[in-house]
Number of protein chains: 2
Amino acid sequence: MSESDRPLDDDGFLLARESADEARPDDRIDDERMDEENTLKKEYVEAVEQALEDGDTKAVYELVEPLHPADIADLLELFEREQRYQLAAAITDLMTSEVVAELNDYVREDMMEALPPEAVAQIVDQLETDDAVQLIEDLDEANQRAILAEVEMEDRIAIQSALSYPEETAGRLMSRDFVAVPEHLTVGDLIDFLRDGRDLPDDFYEIFVVDEKHHPVGTCALSWVLRAPRTIPLADVMKRDQTLIPVLLDQEEVGLMFQKYNLISAAVIDENDRLVGQMTVDDVVHIISEEAGEDALLMSGAGEGDINEPIREAYSARVRWLVANLGTALVASVIIALFGAAIEKLVALAVLMPIVASIGGNAGTQTMAVTVRAIATNQLTRSNTRRILLREMRVAVLNGMTIAVLVGLATGVIFTPTLGAVIALAMVINVVTAGFAGVMVPVAFERLDQDPAVASSVFVTMITDSMGFFAFLGLAVASGAVG
Amino acid sequence: MSESDRPLDDDGFLLARESADEARPDDRIDDERMDEENTLKKEYVEAVEQALEDGDTKAVYELVEPLHPADIADLLELFEREQRYQLAAAITDLMTSEVVAELNDYVREDMMEALPPEAVAQIVDQLETDDAVQLIEDLDEANQRAILAEVEMEDRIAIQSALSYPEETAGRLMSRDFVAVPEHLTVGDLIDFLRDGRDLPDDFYEIFVVDEKHHPVGTCALSWVLRAPRTIPLADVMKRDQTLIPVLLDQEEVGLMFQKYNLISAAVIDENDRLVGQMTVDDVVHIISEEAGEDALLMSGAGEGDINEPIREAYSARVRWLVANLGTALVASVIIALFGAAIEKLVALAVLMPIVASIGGNAGTQTMAVTVRAIATNQLTRSNTRRILLREMRVAVLNGMTIAVLVGLATGVIFTPTLGAVIALAMVINVVTAGFAGVMVPVAFERLDQDPAVASSVFVTMITDSMGFFAFLGLAVASGAVG
């Protein structure tokens, strides 16, 4: 389980990377293939596509060879399924474990399922444990077993241990490779140990110091070790105050801890406070991006919403929410039906009523989006819910009155002053209701331990739609505007 | 500009942190004050509040003293404005630069504006340059000038240099403290240099190797330096292939680069390819979280949508979109008005028409959320737009037909079979239109160099509302369902 791009020589230390790198000192600014947003240029992608169609394997290889593994992964994702297989076949020895690790989950799953278990096992052996777990966890159980049977024993044990923790917890995501040393070492001892060490992770950013029971007692950033004289004991260089991550902590909380305490890496401890792994920020970065980005998708009712999701899964995730929305639209329809006679008499009501509902829905969505984000970032807690609700109500009153004046005047001029007053009042009522629901619905779901992003939208829209139609039509009848 | 929590002794190396830390080896798992989500417990916050109300400064101090600076920042954010000033006054010597750096932008701005420029300048002197820039950039210009006049010259020059780059670019955000050494050094030379060095940044994760023109030629992770024998030249340990960040690159692209290439830190280069700074992942993590999270807020029309945003700003950000939405709702109303006579004859149309619009709006929002996210993560590019559009159309057809069957049957039973057929067909048309608009509107904004999250929502809703009413009412009239 080690990356192959930084070879160790016989004495166990690192050699410079050779290969074509020297000719391209900074190919990460690669104007030939990458555009200014660092995505692959359309012309380049089309050239690869053409070479594939022509069956010109050599041309494909030459085009793809200079790419960084992460960009090869991007290239594969850009293609249709069949083209992907063709491309992978044309560049087999460029399809390194780094490329596989960088692939989108859906694309990787699909490509792995097309390979025999032995081939997948070979890739797994090359991957770091945490990447190997990511690759395996999405496959079905029979497939998992077949692959694990082919994997080297040490790796298999590590992967099975990871799989024994629930999905999206630190135990599943952590790396089992880390550097832990006893407290009595000096800086010099440590450096000698590192120079000798053959079993070290490829990259590490801090040294964990543990006691005889393997409990973490401190941590040394590598930059401190490098700055300290050899004779100093580690106990004098290390920081005793460190952030420890419980092995069962949810990935979202792990991400928030890394953000809050500006961590590069952190020790993961089991139920008995023993050091069992580490999380490093390069993995956490993906979690943070995913968790922060998914709320927009969840609120829209698009589920995971990845463009590489199989169509069947995308359909089933979305249609559920459309059907749920049908239910809530029905509530609105029933309310309208109650006022059928009034609408028959005054068709202006039918013309105006969607405005009240639409603005209310938008105001509710605004407040809900702010609330969901504040909950997700731990900014909105039990301690300040009341203050935030009051704040949002004040914004809602201001918004409601502004819109009410605009709509009321226009309606008063085009239709009748009474109808203008009715729609203005309905608008204030609905926008204020929207503000209240926009805060309280996500807060209620959060207290019930539900993801506030998932279900809030349907409820908030139901409330604003129903209230909009009811307030407007009800006030119209009550005011005698219908005549 | 150095953090105060890791003191250097007279010989310039690091000493262990002392203070109360030793008594609490892992106060980051702090059951007394923190709940399981690592937020401050309500009871604890209330205890601080009570002590503040009682004017018991000593009790306040004792309660707050054990907190991590990031948690002190959280505590300040949880309070009302007036309480914040009281709290800050009660714990002045705990109000370290770390606390200020961790504060929410709005809260920090408000608190800094309440302080005299000399006091702010003192805080600025304590901060790392990048944090100091963040603090200063939001203040008004007169205030900025007054503060900068009080800041030490070296820091002032660094801050002014940062402010000379546009907001949200690498030049504004980068740290000007980094370690760069010439290529001819050996590992031993480097370690000696680091042990002597007094002008080093507090934390660093790689050593940049530069040529005589200060162009980066390679990079050494600290873990490689620690593993290599002293006699090896750096040129043999360093990696020549490194990711370089242009100084004018937008922060969103910086975040994507760190994610794509799994970076911990990276060199920032100016227009002449000279090394001018570094970005480290702990700062980039905040950018990634912000950029990923803001799309949900922008799509809802809630602007920046922070719960600490002043009410006036929140009002003005949101009301603009409500007014814009009023415009689009008007389009829908005009379409309904065209069919006034039909509605008068058959009031069932008024009852049913919001269903078509509502489902269409939801389907459009789903597709739009997926598209916006794919654009933001560089997954959707010019190379695969056609493929993704086709994919989304297939999902839309499946969704549209499912909903059409449900609504058509129900309407056929409750009202008339003709009306059932009409609403079913209108539903398919609108959901497919929604899918098309949900992809093409954000893609069009992206091509026009506009943020696809900002304006797409209003357009997509306008299209689905109008199409929903038009298709349903139009088909009803054309089919003779109105009678």
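**Sheet in chain A**

I started with the open sheet of chain A, which has three strands in the order 4-5-6 and mixed pairing. The model is a predicted one, and I read every entry below with that in mind.

I asked which strands of chain A stand at the edges. They are strand 4 (244-246) and strand 6 (275-280); each has a single partner strand, so one side of each is left without a neighbour in the sheet. I noted the twist as well, which averages 35° from one strand to the next.

Next I looked up how strand 4 of chain A meets strand 5 (residues 265-269) of chain A. The two pair in the parallel sense, over three bridges.

Helix 15 (residues 251-260) of chain A lies across strand 4, strand 5 and strand 6 of chain A, and it runs at about 170° to strand 4.

**Sheet in chain B**

I turned to chain B and found an open sheet of three strands there, with the order 1-2-3 and mixed pairing. Strand 1 (180-182) and strand 3 (216-221) of chain B are at the edges; each has a single partner strand, so each has one side without a neighbour in the sheet. From one strand to the next the twist averages 35°.

Strand 1 of chain B runs parallel to strand 2 (residues 206-210) of chain B, and three bridges join them. I looked up the bridge partner of B:Pro182 in strand 2, and it is B:Val210.

**Where chain A touches chain B**

I looked up how many residues each chain brings to the contact. Chain A gives 150 residues and chain B gives 149 residues. Between them the two chains bury about 13,900 Å², with 61% of that on carbon and sulfur atoms.

For charged pairs, I recorded six salt bridges across the interface of chain A and chain B. I wrote down one between the side chains of A:Lys260 and B:Asp74, at 3.2 Å from N to O. A:Lys260 is also where helix 15 of chain A (residues 251-260) ends.

I also noted 47 residue pairs in polar contact between chain A and chain B, both residues being at pLDDT 80 or more. On the side of chain A that touches chain B, helix 19 (residues 348-376) of chain A gives the most, with 16 residues. My last entry is the make-up of that side of chain A by class: 78 nonpolar, 31 polar and 41 charged residues.

Definitions and conventions: Residues numbered from 1 in each chain as written. Chains lettered and ligands numbered in written order. Predicted model: local features only at pLDDT ≥ 70, side-chain atom pairs only at ≥ 80, totals over all residues. Heavy atoms only, no water. Pairing = 2+ DSSP bridges. Helix = DSSP H or I, 4+ residues; strand = E, 2+ residues; numbered from the N terminus. Axes fitted to C-alpha atoms, helices over the stretch in contact; angles between N-to-C directions. Contact = heavy atoms within 4.5 Å. Buried area = accessible area lost by both parts, 1.4 Å probe. Salt bridge = Lys/Arg side-chain N within 4 Å of Asp/Glu carboxyl O. Polar contact = N/O pair within 3.5 Å; in protein donor to acceptor, adjacent residues only side chain to side chain. Nonpolar A, V, L, I, M, F, W, Y, C, P; charged D, E, K, R; others polar.
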